[in-house]
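Me: I would like to learn how to read the surroundings of a ligand and the sheets in a model like this one. Could we take them in turn?

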Amino acid sequence: MTFRRALTLFMRRMVLSRLANWCPFVSMRLTIYRLMGMTIGRDVYIGFHVEFDTNFTELIRIGDGVTISHRCIIATHMATDANTRLRQLYPGRSAPVEIQDGAWICTGAVLLPGVTIGREALVAAGAVVTSDVAPRTLVAGVPARSIKSLDLSDAAVSAG
Ligand SMILES: CC(C)(COP(=O)(O)OP(=O)(O)OC[C@H]1O[C@@H](n2cnc3c(N)ncnc32)[C@H](O)[C@@H]1OP(=O)(O)O)[C@@H](O)C(=O)NCCC(=O)NCCS
């Protein structure tokens with residue numbers, strides 16, 4: 001991809017993400033996020049002021065029935081532009097983030113590049129997720145640690 005094309009794509013995504021933050025209807029927010037390149041399943045809720053990585057938005061995959069509460073951050077790349085020794089130690093990289101069916105990412109949580117949130121997993125408010133979360137597990141804290149397995153066998157699901 002040429003520099004000009006990459007810049008245009010980035011600017012487009014920046015504008016669209018600001019638009020989504022001010023959009024009052026969830027269905028319209030989802031449409032905007034899809035236009036930004038994200039893969040989003042059915043029956044998904046995304047709250048206000050969620051920051052999706054505008055550099056590699058296409059690496060974000062969200063399954064069916066997922067909730068992402070307000071002010072979460074989903075990052076798909078890391079990089080420092082400064083030519084420092086830190087850049088040698090931590091070279092830039094990008095990696096997908098996948099949120100599987102039925103998972104709930106609570107308000108203010110941060111998902112780092114490369115993580116997968118398993119089916120029906122629950123990421124508590126303010127957690128920073130640095131590694132994969134197993135299905136039906138509650139994680140919390142910085143860095144996020146497993147708090148407990150969730151027994152959902154008796155939980156009722158209303159037909160949608
Ligand atoms: C994840 C959440 C739903 C769990 O609720 P809960 O009723 O505390 O759940 P549990 O009782 O099963 O909690 C289990 C343990 O995790 C701890 N815990 C819960 N949330 C935590 C958090 N954000 N950070 C650290 N620990 C947390 C609890 O204190 C409890 O610890 P304990 O066993 O030592 O008492 C809730 O804490 C949360 O994050 N809610 C945010 C809701 C939200 O995003 N709202 C925005 C609008 S949708």
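Reply: A residue counts as near a molecule or strand if its C-beta atom, placed from the backbone, lies within 6 Å of it. This is a predicted model, in which local features need pLDDT of at least 70 and side-chain atom pairs count only at pLDDT 80 or more, while totals for chains, interfaces and linings use all residues. Residues are numbered from 1 along each chain as its sequence is written.

Me: Which residues surround the ligand?

Reply: The ligand is surrounded by Ser 69, His 70, Cys 106, Thr 107, Leu 122, Ala 124, Ala 125, Gly 126, Leu 138, Ala 140, Gly 141 and Ile 147.

Me: How many residues of each class does the shell around the ligand have?

Reply: Ala, Val, Leu, Ile, Met, Phe, Trp, Tyr, Cys and Pro count as nonpolar, Asp, Glu, Lys and Arg as charged, and the others, Gly among them, as polar. The shell has 7 nonpolar, 5 polar and no charged residues.

Me: In what order do the strands E1, E4, E9 and E12 form a sheet?

Reply: Strands pair through backbone hydrogen bonds, either parallel or antiparallel. Strands (E, at least two residues) are DSSP runs, numbered from the N terminus, and two of them pair if DSSP finds at least two bridges between them. Here the order is E1-E4-E9-E12, an open sheet with parallel pairing. Strand E1 (39-40) and strand E12 (116-117) each have a single partner strand, so one side of each is left without a neighbour in the sheet. Strand E9 (residues 97-99) is joined to E12 by 2 bridges, and Ile 99 has Ile 117 in E12 as its bridge partner.

How values were computed:
Helices (H or I, at least four residues) and strands (E, at least two) are DSSP runs, numbered from the N terminus.
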